[in-house]
Amino acid sequence: MAALSQETDGPRSTMPAELHHPHSQFSLWKFKLFRVKSMEKAPLPGETQPEKGSSLGISTPAAPNIDLNDRAGPESVMKLCLGGKSKENVEEFTLLYKQSLCRLCGATLWKVKGPVHDVHGNLDEVTKLSLRKMGCKFRGWPEVILKVFKVDVTDDSESVHPLSFCHRCWKNAIRGGGVCSFTRTKVPEWKPHSSPCYLCSPRKPLFQRTRRKRRKAVPRAQSLAKKTRCEYGESIQWVRNITHCQNDHLSSKLISEKLPVDFIVSFNCLVCDHLLSDPVQSPCGHLFCRSCIIKLTHVLGRHCPACNLPCAPDDLTPPAKTFLSALHSLPLLCPKDGCGEQVRLDSFKAHCRSHELGEDAKQRSSEVDNSLTGSKGGRPRQHLLSLTRRAQKHRLKELKTQVKVFADKEEGGDLKSVCLTLFLLALRSASEHRQADELEALMQGRGFGLNPAVCLAIRVNTFLSCSQYHKMYRTVKATSGRQIFQPLHSLRTAEKELLPGFHQFEWQPALKNVSPSCNVSIINGLSGWASSVDDSPADTITRRFRYDVALVSALKDLEEDIMDGLRESGMEDSACTSGFNVMIKECCDGMGDVSEKHGGGPVVPEKAVRFSFTIMSVSILADGKKEEVTIFTEPKPNSEMSCKPLCLMFVDESDHETLTALLGPIVAERNAMKESRLILSIGGLSRSFRFHFRGTGYDEKMVREMEGLEASGSTYVCTLCDSTRAEASKNMVLHSVTRSHEENLERYEIWRSNPFSESADELRDRVKGVSSKPFLETQPTLDALHCDIGNASEFFKIFQDEIGEMHKKANPSREQRRSWRAALDKQLRKKMKLKPVMRMNGNYARRLMTMEAVEAVCELVPSEERKEALRELMRLYLQMKPVWRATNPAKECPDQLCRYSFNSQRFADILSTSFKYRYSGKITNYLHKTLAHVPEIIERDGSIGAWASEGNESANKLFRRFRKMNARQSKAFELEDVLKHHWLYTSKYLQKFMEAHKDSAKALQATIDLDDEDMSQDTDF
């Protein structure tokens, strides 16, 4: 027994049975004879193997009944299948293998980075704290797993189910807040061990594919014993299917001398059983071919196939020199017929290559002789580049095979890198260094081509159509010889990530009457409504994004700004997962006549309306704090770059019924989002957002349409208070904001039902001008842009009246008024270079409301007293104007804000005295709001100018430019393209690319010029 233990207690005794060579009884004699250092480092069976991760100082939480060092991976499956199945080890292996898998995703635990977690355990403090911040109050993992993965693990048994799960599934549970999962984890169905177990008895694909039944074994006599198959030979054949080294490595049968079998085995690879080729030594002391061990560890995992210890490719080292000298001196017999020469192993390949070269020389000489002696005629041999692709493949077939063999052997199958390197070396050898530098830059990922996002930004910001961009792409490529711009299909791939419908999200609770689908792009604005409105067909075309999907895309576009705001405010990123509040400014306005000569399809109105929104600010209320911290504020709230389009429709804004029908779904989605919160991944963590909407970007006409009020010429002059025009003219300053959306709804019900049976005038006086149902909530405020335009129109009329001395005349004729206007237009054109306009616009209003314009008008006013009144009126107006036009008046113009009440009272006194002839019993809507409601609105909202509709108005010209850019036969597809490119135009991601590559055009032109110079030099030379 002692002798037996001595023989088996050697360095190779830890080798698995299926890889142990049958002639291993001379192992002790072999290692004592050669004293190979590579074999002395193998651990003995009595020694304890170091645990995985102990060298790195990583402590892994213990999981029940799991030993990651004795992992039952694919190599254990190989042991079971090749080593033979017996009743004693099948169930033990199945249990061991199951306990090394994840209960939730089925992955091998040791392959997933991070600690292992107990399925039935309690939450640790870190996990419990993270989930509690996201609203989850569970204490054990079974409840969290049931909520996130929809799997009940309370009834799991140790013999059927794994008892642990991996760190990847732990991350999914934490990111979902313990209540949901943002990844689709398919939980496997665990079954008890049985005879057709897929782990122990996998079906042969041959029978599974052809559906042929296995033949039943014919019973034989007991005296005829069944022949046993060579297990070692089967394992070697199975491993060779991985390494594919039969044609490259040499067999030990080529050794000419009769050496001891165990001596020959010592020079064989433990993976493929061939003679060692480029031998390497593992940390545990075993020897392999370099290519064989790299391929095997890539397939079966980083471990030694002989002793199952960790073995990475970086840990492989060359063996001892004495062993290499003995290996290279082995005598081999040349297998070539008629040769029979004995050659050393290190010169065997050169000897075989000499045979191949000799055969090639003989074959070439025979071909030359045949061509000289008997020429059959025919066309000469064509150049490779002049052949078709099929002929090129046929001619280069052998070369392709050789390169592929080299790539598989030396470069791990990277055929592309090998071919590019050959091309690079050919260019260097031909001194074509410029083209070689470009190829090398392309191989290193720093080529001359622009990023697809940059090309998309250039196309959108320069309003290039598909044909124009493609023409530029081909021209630049043909001129410079490089693909600087990317093709159109690359741009379409890049724009998918920027358009709504790409990112995943969740609403808690789910939105009412809104689909939970996230992958929703542009939809028809008429979807969800009947085909007719008031029994008449809706002759209109509209396209829009779903409101919640558009908000998600806008927030993802601001992801970098939000994370920067968290860092600048000194807040911990991982702790800020809830309490985010987003303020949204809504704008809606008509774009007027947008008729074009092109386009077909149904007859639709040639007037369009746009509904858009702007993310004004993002704030967070941290735990334990009472005040919100603003982490993002839109720096340019009135720019068309920040005003994102939501809906485009061909409809007249005066058509109340159609406008109500088209905006109805948007209103429903808006109301649903108010009562829910958005769960969205920002910065790698799921965060909770609540939205607050303010409808402030509307002019006077649109506010009256949405709130159901009478037209602007109504007796009730204001949309903020209940004052009539006569009351507002008598008391111009002392008024307060009294109207609201809820009050307008109540007044509409009174108007509709008339509960007191009043007359029309009495009922109209009771409801204060409400004549239709309000369908969209607006914020009671003042639109700064239209207020400036309305007041400029009023001053223009005052200038006309002063030129004609209206205060002295009672009823001037129409011809007189025309002469006054002609004189005013002529004077402004002469002094201010202002061309007459049919309708007041923003640019004309800004030029008109200046002291320079007043001085030009005063030259036509005969009375000095009236001149001083005009100058004083304009001076007061210019002091009040910055208060409602500033984004933050408390910081930008604090002095004017403090004096606003005094200036407005002084302004009203001048109107009621010097200009009494015009404001006796009447006043304009915007002039009333300017004098009466500005201080109250600023005290409530902090600003008026930041909430104006200037961004939506500025985008009107973009609509016309994008429509010309995307001119198509169908107006429906044309509207989709306009909406898509307008959204991309407002993308901050593309704006950053444009800012970073604003000199790309100059660099491109310089490159083209440089190419022209080189071409001219080549021509001259």
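This short talk covers a few paired strands and then some salt bridges.

First, the ground rules. The model is predicted, so local features need pLDDT of at least 70, side-chain atom pairs count only at pLDDT 80 or more, and totals for chains, interfaces and linings use all residues. Residues are numbered from 1 along each chain as its sequence is written, and side-chain values use heavy atoms, with hydrogens and water left out.

Now the strands. Helices (H or I, at least four residues) and strands (E, at least two) are DSSP runs, numbered from the N terminus. Two strands pair if DSSP finds at least two bridges between them.

Start at strand S16, residues 677–682. S16 pairs with strand S7, residues 506–508, in the antiparallel sense, over three bridges. There, Glu 506 stands opposite Ile 679 of S16. S16 also runs antiparallel to strand S17, residues 685–697, and five bridges join them. Leu 678 has Phe 689 in S17 as its bridge partner. How many residues lie between S16 and S17 in their hairpin? Two, and Gly 683 in that turn has a positive phi of about 70 degrees.

Next, charges. Side chains of opposite charge can pair when their charged atoms come close. A salt bridge here is a side-chain nitrogen of Lys or Arg within 4 Å of a carboxyl oxygen of Asp or Glu. The whole structure has 41 of them.

For accessibility, buried means under 20% relative accessible area, exposed over 50%, and partly exposed in between, with a 1.4 Å probe and protein chains only.

One: Arg 290 and Asp 278, 3.0 Å from N to O. Arg 290 sits in helix H12, residues 290–300, and Asp 278 in the loop between helix H11 (261–265) and strand S3 (279–281). They are twelve residues apart. Arg 290 is partly exposed at 34%, and Asp 278 is partly exposed at 46%.

Two: Glu 777 and Lys 674, 3.0 Å from N to O. Glu 777 lies in the loop between helices H28 (760–767) and H29 (784–803), and Lys 674 in helix H24 (residues 656–674), so the pair ties together parts 103 residues apart in sequence. Glu 777 is partly exposed at 30%. Lys 674 is partly exposed at 33%.

Buried or exposed? Lys 881 counts as buried at 16%, and Asp 788 counts as buried at 3%.

Last, a network. Salt bridges with shared partners join Asp 722, Arg 739, Glu 743 and Arg 747.
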